[in-house]
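Me: I am new to this structure and would like to go through its cavities and its ligand site. Please look at it with me and answer a few questions.

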Amino acid sequence: MKALMQDWSMTLDKILDHAARWHGDREVITRSVEGPIVRAAYADIHAGAKQVSHGLLEAGVKPGDRVATLGWNSNRHLAVWYGTIGIGAVLHSLNPRLFPEQLVYIVNHAGDEMLFADPFCAPLLEEILPQCPTVRRVIFLSDLAHTPNTSFPSESYEPWVAGRPIDAAWGGFDENSAAGLCYTSGTTGNPKGVLYGHRSNYLHTMMSLQPDALNLSARDTVLLIVPMYHANAWGVMYSAPMVGAKLVLPGQKMDGASLHELIETEGVTYSAGVPTNWQMLLAHLKETRGKLTTLQRVTVGGAALPESIILTLRDDYGVDVIQGWGMTETSPLGTVSVPSSKVAKLSIDEQIVYKLKQGRLLCNLDLKLVDDEDRRLPHDGTTFGRLMIKGPTVASGYYGDRHGDALDDEGFFDTGDVSTIDADGYMQITDRAKDVIKSGGEWISSIDVENFAMGHRKAALCAVIGVTHPKWDERPILLVQLKPGQAAEGHEFLDFLDGKIPKWWMPDDVVFVDEIPLGPTGKIDKKLLRQRLTGYSLPFDAAVTR
Ligand code: AMP
């Protein structure tokens, strides 16, 4: 029997319609490319997005066509985002930190037709556009005065939208239509396109807004540090307007001082970002003796969360840190580490061990652990296995991939992460499958060792990688980037780790490096680290520590 409820297709344009109508004066703040902080409201963003839609329709953009953006988080970027998806075209957010050859590959693979870019991208575009024949129009996200002169035809956003009507029709298409395209960073092989749908993003928004997830409300002021081009911006471009939270967009300035200024002047209560963002902010606060007077909680994800960030934000600044795990292919939120009813009864210090885990599953999703033969493994908190995930917000395949879907026989997607799940449902990542260190047939968690080492007061950044060993196949070594002005001996780090990790996980060597390289999404680039260590051999008596 068919239900007798109204047909209400879950298309994402309805989210901004709602924000404009019911939270119309809630502000969207941007540190603009021109310099000053610009203030708008959801009603203005809605009107701007409608003007973008009008311009796109006039330019011949049709449903399903790809419209690319290349830039930082800003109100213009937000208007282009909704202006594109509102008419059923696909918003393809490009990462300006990628190498030119990666961008060329991605733009061609996606077949992008129009491109909106921040002015600072002009030199990059000069390099890549001659190799991107599908791009027929480029519009710089600035006013006329700040639009760069280019050798290719380009336009300026402000005059391009000015005077356009604000009545372009939105929606009216199938909720399963594609809305967004985001390529994964692709540390192995070519980048792969994850194609989000209106329905999948709508569901992700409602799942991520729950109290035991991001827990946003109309009372929040949200600083979105996560770039709009990375992993669907953690869904915040949808969740903040859906509840009418004030949105603060930092533009290109993501250093500790600039973020701190925005947090304090705009009264930010909530923020989301990767661990390196918080490390930079904390270093700035320490140096300037700065305070966080309004910030209440932050979600940290994208890479393992060092304990030192949780403790410093909690004890010195009164900010609650909540870890989230996900990936581009999962829209991205999959698990969040909030206290279960059982964990909530523990003391705040006893709860830390759970905050360090990646957390419990959001509703609507399913997780399992499997071994190398795809057999299910127990959720006992100690057995490591490949983490598999299933649900309506998880990719079923990649854009334009001729090899079909990426799922196992039970419909689960292989995350490429290796993890444990305990009896209370807390998932803990121990490694990326490709970064796993196998010593004498047993897995060593590089992430655990890194997290503990990061607690050393002299460490700026730590990474653990496996190196070949004649007897044990592989042994871990610890690479350390020291804080400016610090000097240390390797044994200081080994002494510090002693007692915190199993003896046979103890790194066989500590190598101090000037810089631990970060990839385009702010994660440690272990591939590059391994390349830099080509020719390295373990110290002679290394195996004695085992
Ligand atoms: P991306 O698609 O670029 O966002 O990368 C997703 C990957 O980042 C995941 O598969 C994990 O390996 C890693 N990741 C995300 N969140 C966390 C987290 N909280 N702790 C450890 N690794 C994480």
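Me: By class, how many residues in the lining of the second largest cavity are charged?
Reply: This is a predicted model. In it, the second largest cavity holds about 30 Å³ of space, and its lining includes Ser337, Pro339, Gln351 and Lys355. By class, that lining has 4 nonpolar and 2 polar residues, and the number of charged residues is 1.

Me: Which strand supplies the largest share of the lining of the largest cavity?
Reply: The largest cavity has a volume of about 50 Å³, and among the residues lining it are Trp81, Leu91, Cys182 and Tyr238. Two strands, S4 (90-94) and S8 (178-183), each supply at least two residues of the lining. The largest share, 4 residues, comes from S8.

Me: How many charged residues are in the lining of the largest cavity?
Reply: Residues lining this cavity include Ala179, Gly180, Leu181 and Asn232. By class, 7 of the lining residues are nonpolar and 3 are polar, while the number that are charged is none: no charged residues.

Me: What share of the ligand's exposed area does the protein bury?
Reply: An oxygen atom of the ligand is 2.6 Å from an N or O atom in the side chain of Thr328, and a polar side-chain atom of Asp417 lies 2.6 Å from a ligand oxygen atom. Taken alone, the ligand exposes 500 Å², and the share of this that the protein buries is 92%.

Me: Which strand gives the largest share of the shell around the ligand?
Reply: The shell has 4 nonpolar, 8 polar and 3 charged residues. Its largest share, 4 residues, comes from residues 320-326, strand S14.

Notes. Residues are numbered from 1 along each chain as its sequence is written. This is a predicted model: local features need pLDDT of at least 70, side-chain atom pairs count only at pLDDT 80 or more; totals for chains, interfaces and linings use all residues. Side-chain values use heavy atoms; hydrogens and water are left out. A polar contact is a pair of N or O atoms within 3.5 Å; within protein, one must be able to donate a hydrogen and the other to accept it, and residues adjacent in sequence count only if both atoms are side-chain atoms. Accessible areas come from the Shrake-Rupley method with a 1.4 Å probe; for residues, only the protein chains shown count as cover. Ala, Val, Leu, Ile, Met, Phe, Trp, Tyr, Cys and Pro count as nonpolar, Asp, Glu, Lys and Arg as charged, and the others, Gly among them, as polar. On a 1 Å grid over the protein atoms alone, a cavity is a set of points where a 1.4 Å probe fits but cannot get out, and a pocket is an open set with protein on both sides within 12 Å along at least five of seven lines; lining residues have an atom within 4 Å of a point. Grid points are joined across faces, edges and corners, and a volume is the space filled by probe spheres set on the points.
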